[in-house]
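Student: I would like to go through the terms used for this structure and see what each one rests on. Could we take them one at a time?

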Amino acid sequence: MKELIIRKFEHTDVDAFIRISQSSFAEESIAAGITPEDFELETRRIFRWKMIPYRLLTMLMGVKWEAFVAEKDGVVVGGGMYIGQKDHMTLTNLMVDPQYRRQGIGQALLVKRLERLTERGFPYVTTQVLETNTASLQNLRKQNFEVYNQYSVYEHPLPLPTSQEKPIAVRDITRPDRMPFTEIEKRTASLSVLQINGSADNQYFQSGWQKLFARFTGYSRWSKAVVAQGETVGYLHADFHRKQRKGYLL
């Protein structure tokens, strides 16, 4: 029996990574409307041409990321990533082949990513886990993760029933909106969330590189300013993948 090896993801691991996703897809991704089929299409799009376009675009956007796989007896049995900008890194896409669970592979992938982030000098890392994902929660507790924010995932079928009342209107966001957006965000978001997650302004006000990246990966974003009684009172944002069955409200 060979020992467990945690190593960096290579473009030749794509098929194995997708194979595992078919039977071990993250509940958190499903809750966000991403299915294993969506994941396969996006993964193949990203990692074709040996990942060169994806690496170039993310570098130009200031996005840092790495992926790792767990290998046992010469077989890829799990994987996980981290991704983020500036100092805010997020752990994502943890998957372990069901036949190899309860062998410490998820914990090993978690520790490897934490060690790598420490080597790169990042001060902290976050992750989003559903309360039903007991295995991941247990692994996080072993590494002394702390809960700093909790929220629920709500779904609603579309279209909505039509309503005659229109108390608000929306308009396109423009560059001068950036300052009032920041002020409204400071008044409405909790201090701990802003300190850890940072501002969401780069999701509402996209750079040219972000727009190019969205086209490359198949994501669409919709951002509007909310107007009531002639005054701008807030901002709305939604995004979705062209193959996705659910959209996401920020």
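Tutor: This is a predicted model. Start with D13: leaving aside its neighbours within four places in sequence, D13 is in contact with R7, K8, V69 and V76. D13 lies in the loop between β1 (5-8) and α1.

Student: Why is D13 called buried?

Tutor: Buried means under 20% relative accessible area. D13 has a relative accessible area of 5%, so D13 is buried.

Student: Why is α1 described as roughly antiparallel to α3?

Tutor: The axes of helix α1 (residues 14-23) and helix α3 (residues 36-47) come within 10 Å and cross at roughly 170°. Angles over 145 degrees count as roughly antiparallel, so α1 is roughly antiparallel to α3.

Student: Which residues of α1 and α3 meet?

Tutor: From α1 they are V14, D15, F17, I18, S21 and Q22, and from α3 they are P36, F39, E40, T43, R44 and F47. The residues of this contact of α1 with α3 divide into six nonpolar, three polar and three charged.

Student: Which residues of α1 are buried, and what covers them?

Tutor: V14, A16, F17, I18, I20 and S21 are buried in α1. The cover of the buried residues of α1 includes α3, β2 (63-72), β3 (75-85) and β4 (88-96).

Student: What makes α5 oblique to α6?

Tutor: Helix α5 (residues 105-119) and helix α6 (residues 134-142) pack at about 50°, with their axes 10 Å apart. Parallel needs under 35 degrees and perpendicular starts at 65, so the angle leaves α5 oblique to α6. The crossing of α5 and α6 is right-handed.

Student: What does the contact of α5 with α6 consist of?

Tutor: G106, Q107 and L110 in α5 meet N139, L140 and K142 in α6. The residues of the contact of α5 with α6 divide into two nonpolar, three polar and one charged.

Student: How many aromatic pairs does the structure hold?

Tutor: The structure holds four aromatic pairs.

Student: Why is the pair of F181 and Y204 called tilted?

Tutor: The ring centres of F181 and Y204 are 4.7 Å apart, and pairing requires centres within 6.5 Å.

Student: What makes the pair of F181 and Y235 edge-to-face?

Tutor: The planes of F181 and Y235 are at 70°, and over 60 degrees counts as edge-to-face, so that is the name of the pair. The centres of these two rings are 5.3 Å apart. F181 in helix α7 and Y235 in strand β8 (residues 231-241) are 54 residues apart, and the pair links distant parts of the chain. Both F181 and Y235 are buried.

Student: Which residues do ring pairs link into a cluster?

Tutor: The cluster consists of F181, Y204, F205 and Y235.

Terms used. Residues are numbered from 1 along each chain as its sequence is written. This is a predicted model: local features need pLDDT of at least 70, side-chain atom pairs count only at pLDDT 80 or more; totals for chains, interfaces and linings use all residues. Side-chain values use heavy atoms; hydrogens and water are left out. Axes are lines fitted to C-alpha atoms, for helices over the stretch in contact, and angles run from 0 to 180 degrees between N-to-C directions. Helices (H or I, at least four residues) and strands (E, at least two) are DSSP runs, numbered from the N terminus. Angles under 35 degrees count as roughly parallel, over 145 as roughly antiparallel, 65 to 115 as roughly perpendicular and the rest as oblique. Contact means heavy atoms within 4.5 Å. Ala, Val, Leu, Ile, Met, Phe, Trp, Tyr, Cys and Pro count as nonpolar, Asp, Glu, Lys and Arg as charged, and the others, Gly among them, as polar. A crossing is left-handed if the near helix is turned anticlockwise from the far one by less than a right angle, and right-handed if clockwise. Buried means under 20% relative accessible area, exposed over 50%, partly exposed in between (1.4 Å probe, protein chains only). Rings of Phe, Tyr and Trp (its six-membered ring) pair if their centres lie within 6.5 Å; planes under 30 degrees apart count as stacked, over 60 as edge-to-face and the rest as tilted.
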